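Hello,

Here is the structure we talked about handing over. Please open it and keep it beside you while you read my notes.

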Amino acid sequence: QDEETQHSLECIQANQIFPRKQLIREDENLQVPFIELHGESTEYVGRAEDAIIALSNYRLHIKFKESVVNVPLQLIESVECRDIFQLHLTCKDCKVIRCQFSTFEQCQDWLKRLNNAIRPPSKIEDLFSFAYHAWCMEVYASEKEQHGDLCRPGEHVTSRFKNEVERMGFDMNNAWRISNINEKYKLCGSYPQEIIVPAWITDKELESVASFRSWKRIPAVVYRHQSNGAVISRCGQPEVSWWGWRNADDEHLVQSVAKACASDSRSNSNKLMNGNCSRDFSNGGDLSDVEFDSSISNASGAESLAIQPQKLLILDARSYAAAVANRAKGGGCECPEYYPNCEVVFMGMANIHSIRKSFQSLRLLCTQMPDPGNWLSALESTKWLQHLSVLLKSALLVVHAVDRDQRPVLVHCSDGWDRTPQIVALAKLLLDPYYRTTEGFQVLVETEWLDFGHKFADRCGHGENSDDLNERCPVFLQWLDCVHQLQRQFPCSFEFNEAFLVKLVQHTYSCLFGTFLCNNAKERGEKHTQERTCSVWSLLRAANKAFKNLLYSSQSESVLYPVCHVRNLMLWSAVYLPCSSPSTPADDTCAPYPVPGSSPEDQPLGRLPKTRSFDNLTTACDSSVPTTNRRSSDPSLNEKWQEHRRSLELSSLGNPGDDPFDGDSLSKQGRAPVGAELSVAAGVAEGQMENILQEATKDDVGLEEHLRGSLETVGKGDEIALDKEKRTENLHG
């Protein structure tokens, strides 16, 4: 009865609160050039020069003679008129769209329409995600089978805190406890309601600590190493100010984190010595390229931890100068004299204003027509790859401390909601293979970015009246870029592929889903976004084969040690470089609801961003074409990759236990020959993270159809990657 009532309310909401708008055509012969989503209504259809242009309450659609632009309105950052007759649209994901009109008046009309459409909402319900969900509920309300759960995240997301505490093996009897001091967000509005702290720290002490930390963001434990018990904590900066304030409870809490680790490790030492640790404690990568001291042996492990607490590492994401300068604004950093058995390290990461400036320079470079002759030096001058390098090195320092030195780490920046989640989430991704699965990655994003209050509304510019451009910054996009760099270096370690990350970039800004609305969990609870919008994980679900990495091996490295030098990083061409369809969440790509009578995982995902190597897909899958098996040019991957390559050869013999297709036979899937796999795999090992093997599992007819559709969205700039791959083939003979 309650469910029926709820659906009736949804129907009322869809029809009355989100009514369809009247369509205005410049020409009576014009038709809407795309299939509308549930709740989407097209408001204007007109003509541009050699194009049809349409504007709905969700997207801008421009149909040229040879290409299509299909971009969500909230993905557009600014619109301006250039050269009298040309509109210049700048997108938040680094793309630029140009549209030419026949008359000045027509150009001005569309300029006004678009500026009104992309303006930050006066109330959150103006965002399309609410209308989309309401109309979806109305469409399926009359069916006996309820489809509401299809737009919800899975149980692994909704029960993430309880599951994570259990999975990581916290000793909740002696070392740690779950504090409910932030129940109903009464202590800190940007923190989760449940936090993990040392068992002997009282809530009264936590209140005292909150008064000393920026925005009351107290040190909270977010990760435990399952083998040695070392933990990662996060917080805001201490409010030392010019007066040099200190807080005894804060100093006690920080030291207690290290003591709790020692207690936790001691209680688990018997399991370690008896061989009951289920985690594979092996390390990958080439440490000769990493500028860290690895002289401390891992052999002393549990015994040394059981004797005394390890020295806690306080990692401040800022430079020392920036941390000291924050004292003028009431902030500051920990004074080592007041925090015994602690070491403070400053990483020198840039603030959001520097990152925004760097991203704007990158966008300007990537959209220059034609490509500049000084491309490499111009790319260097943007400093984008340098910023990625510093972020990766910061996360790697945390990994070294936790995994090799078995030390607890406390991470913070200024407020603890930008650089801090970047470092912590990246470190957890490197440390724990669970977060490299599709479900685990969802849990990671929900925990470190959403639960701990990254300000998505302000940083993305889709919050209520979020007009302050100084608050905008692609912080989450920068982190996803780092994840992409890891995918390139460790092609077998991630269950999801590059297309998964590209879609996540698009829907971070699109506002089709409600996952990234508001600035924190408290606001999302007050706005009831979980009940009134669809989750992005309904699209990026583990069962969706379009986002699976077929090179994934659950037996790959447990802990990843990437190479962080700038020369080892690559521009994310699938996101930053221009293509014929710059930002295209296609119609059937967006809908989490399946067609009645079909299973969700069988739904088409439309055109996904692909790399230029798809041009050679039919050749790669043709067994008659000789393949070139070459060694990886990355010395840190050679031995590892050869092992994975041999395992691919064995799996091709049809061992049922190693079947990567969920029980479907290889013959039914139409899998490519082993030689083709190895040729493709060698390219992946060189950093060309492709989805070719995924497409090779389709039948010939489906392959040709998909190839024909995908070529429309192939980025022109990806020719750089193709040229690099060809040059490498020539180099290796």
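How many salt bridges does the structure hold? It holds 29, a salt bridge being a side-chain nitrogen of Lys or Arg within 4 Å of a carboxyl oxygen of Asp or Glu.

First, the ground rules. This is a predicted model, with local features needing pLDDT of at least 70, side-chain atom pairs counted only at pLDDT 80 or more, and totals for chains, interfaces and linings using all residues. Residues are numbered from 1 along each chain as its sequence is written, and side-chain values use heavy atoms, with hydrogens and water left out.

**Salt bridges**

Start with Glu 43 and Lys 21. Their closest N and O atoms are 3.6 Å apart. Glu 43 sits in strand β2 (residues 42-48), and Lys 21 in the loop between α1 (2-17) and β1 (24-25), 22 residues away. Helices (H or I, at least four residues) and strands (E, at least two) are DSSP runs, numbered from the N terminus. Glu 43 is buried, at 16% relative accessible area. Buried means under 20%, exposed over 50%, and partly exposed in between (1.4 Å probe, protein chains only).

Next, Arg 224 and Asp 264. Here the closest N and O atoms are 2.6 Å apart.

Glu 495 is in the loop between α16 (475-489) and α17 (498-510), while Lys 548 is in the loop between α19 (529-532) and α20 (573-576). They are 53 residues apart. Glu 495 is buried at 18% relative accessibility, and Lys 548 is buried at 16%.

There is also a salt-bridge network. Asp 418, Lys 455, Asp 458, Arg 459 and Glu 471 are linked in it.

**An open sheet and a patch**

Three strands make an open, antiparallel sheet in the order β6-β7-β8. Two strands pair if DSSP finds at least two bridges between them. The edge strands are β6 and β8 (96-100), each pairing on one side only. Neighbouring strands are turned by 20 degrees against each other on average, direction ignored. β7 and β8 pair over 5 bridges, and Leu 89 stands opposite Ile 97 in β8.

Phe 85 is in the loop between β6 (76-82) and β7 (86-91). Phe 85 is partly exposed, at 33% relative accessibility.

**Loops and a helix**

Which residues other than glycine have a positive phi? Trp 215 is one, with phi near 55 degrees. Trp 215 lies in the loop between α6 and β11 (220-224) and is exposed at 54% relative accessibility. Lys 383 is another, with phi of about 65 degrees. Lys 383 is in the loop between α11 (375-382) and α12 (384-404).

Finally, Ser 208. This residue is in helix α6 (residues 203-210) and is buried, at 18% relative accessible area. Leaving aside neighbours within four places in sequence, Ser 208 is in contact (heavy atoms within 4.5 Å) with Asn 247 and Asp 249.

Best wishes

How values were computed
Axes are lines fitted to C-alpha atoms, for helices over the stretch in contact, and angles run from 0 to 180 degrees between N-to-C directions.
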